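Keep the sequence and the 3D view at hand as you read.

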Amino acid sequence: MNVFIIYFLIYAIIGTAIAVASKRVGIKSARDYYIGGRKIGGILAGATYAATTYSAFMMIGLVGMAYSTGVGTLGFELSYLLSTVAILSTVGYEIWKISKERQWISPSQMLGDLYGSIFLSKFIALLYIFAMIPYIAAQIQGLGVIFQIGGMSYESGVVAAAVIVAVWIAIAGMWSVATTDLYQAILMLGGGILFLYVVISMILPFGGSLRAIEVLASSGYLGIMPFWSFPVFLSYTLPWIFFAITNPQVILRLFIQRDEKSYKMSVTFFAAFGLLYTLLAVMIGLFARYLAINGIIPSGLGGNYVTPAILSKLSAIAAGFIGISIIAAAISTADGIILSVSSAIFKDLLGLKDKKVELIATIDVVLTVVASILAYLHPAYIVDLSVMTSLLLLPLAPVTIAGIAFKNKLGKFSRASSLASIISGVTIGVYGLYANGAKRIFTSMLCGLPTSLWVLLISCLVIVIGISLDY
């Protein structure tokens, strides 16, 4: 039997066993299903946050970006990590405290409640569906690519991803997702470490890592390459800087910690995991460029093809384990997103009661099927597709920050401007996508400024005007 298939079957069996074991906590309500009854400890909460955040694009897309654009990629990704830790320590902490008081179980419910608008929560739930389905598809797409590397068909990877995501969510909701995420976070780190080790082994005949650093430096890959002009850097980083308060899958994970100690521990775990995983991905990408300079892999590879090119040079055992670790990253992100979007549909679009848990599985399956069909159609470049989603959700950042800061002082003008802020920001983002396409949205300027900056500026201006009128 194919080594990759053996790895995959072991991965799926162990993950399913973990998910089933988590079911013993008992799921009696939507609150239990979506946020684990707010009883999840720090390590588990930190692991599910990290595994959900760091998706398939890290070991595929980010490796490809480092290979193509050099060490500037590290600045892009570390900007996200540092800003996320800062937000989790301030706004995120307030969200956690208020969520316990107001019993939120969906991110869209949070904003609707803060502004006193059911219509706002419904609109945001629809925005999540529009923006997040492509993001789920990007993860499933990554799994399909790994299946191809393992000697299977792309379509079989899509089907396998859909089945695992749907089953692991349905077993116990947040509990089965969080416990399998801890398992997958361990696989992700293990696979990343092995990946870096084998890449370093491949460059040893060409002088080793010190020689690689010298050559990369002289070639410009350890400096700021022309690609990373300040406007382009800003364009890429702005959506990610506010990721922690715009994307539903991570906001939902601010509702789950059982106490303050667990919350702080989860932030610490995420920060440590994120730093290590980021360094691994960027170093692999840079050393991949050195392999290309020495003719081991092609020098003109597109971003999605760098990791496959390296894995094709490895033994089946090493390539199989690394492939499974990337699959783990894709699955953990996909099920986290589906769970959060499902909570918005359940609570805000359909307005179902807390005990109607029998309808949740249907919502989850429908979301999984739609995303899998999109993945089958091969959507855009994984990094761009992931950041594109954040661009469309970026208008939620100023609305969320204002909602938390002025939670007890928001009136009718704030309520109206919150919706206007989101609509205006999304409109600019959609226009940018229409005018430039997913591949050029972050390198094209609008009146000399990045589209993402325009989205943030206009959204901020509208919400500030509304709050000012209430004062």
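## Before we start

Helices (H or I, at least four residues) and strands (E, at least two) are DSSP runs, numbered from the N terminus. Residues are numbered from 1 along each chain as its sequence is written, and side-chain values use heavy atoms, with hydrogens and water left out. The model is predicted: local features need pLDDT of at least 70 and side-chain atom pairs count only at pLDDT 80 or more, while totals for chains, interfaces and linings use all residues.

## An open space: the second largest pocket

Rolling a probe the size of a water molecule over the atoms shows where empty space is left. The search uses a 1 Å grid over the protein atoms alone: a cavity is a set of points where a 1.4 Å probe fits but cannot get out, a pocket is an open set with protein on both sides within 12 Å along at least five of seven lines, and lining residues have an atom within 4 Å of a point. Grid points are joined across faces, edges and corners, and a volume is the space filled by probe spheres set on the points.

The second largest pocket holds about 160 Å³ of space. Which helix gives the largest share of its lining? Helix 21 does, with six residues. Helix 21 (451–470) and helix 19 (396–405) each supply at least two lining residues. Among the residues around this pocket are Phe242, Pro398, Phe406, Cys460 and Ser468. The lining has eleven nonpolar, one polar and no charged residues; here Ala, Val, Leu, Ile, Met, Phe, Trp, Tyr, Cys and Pro count as nonpolar, Asp, Glu, Lys and Arg as charged, and the others, Gly among them, as polar.

Across the whole structure, one cavity of 30 Å³ or more is found. The largest cavity has a volume of about 40 Å³. Tyr49, Leu88, Leu254, Gln257, Tyr263, Ser266, Val267 and Phe270 line the largest cavity, and helix 14 (residues 260–293) brings the largest share, four residues. By class, this lining has six nonpolar, two polar and no charged residues.

## Helices that cross

Two packed helices are described by the angle between their axes and the distance between the axes. Axes are lines fitted to C-alpha atoms, for helices over the stretch in contact, and angles run from 0 to 180 degrees between N-to-C directions.

Helix 11 (residues 208–218) packs against helix 14 at about 85°, with axes 10 Å apart. The two are therefore roughly perpendicular (under 35 degrees is roughly parallel, over 145 roughly antiparallel, 65 to 115 roughly perpendicular, and the rest oblique). Residues in contact (heavy atoms within 4.5 Å) include Arg211 and Val215 of helix 11 and Phe287 and Tyr290 of helix 14. This contact divides into seven nonpolar, two polar and two charged residues.

Helix 5 (residues 72–89) and helix 6 (residues 91–102) pack at about 40°, with their axes 3 Å apart. These helices are therefore oblique to each other. Ile87, Leu88 and Ser89 of helix 5 touch Val91, Gly92 and Tyr93 of helix 6. Four of these residues are nonpolar, two are polar and none is charged.
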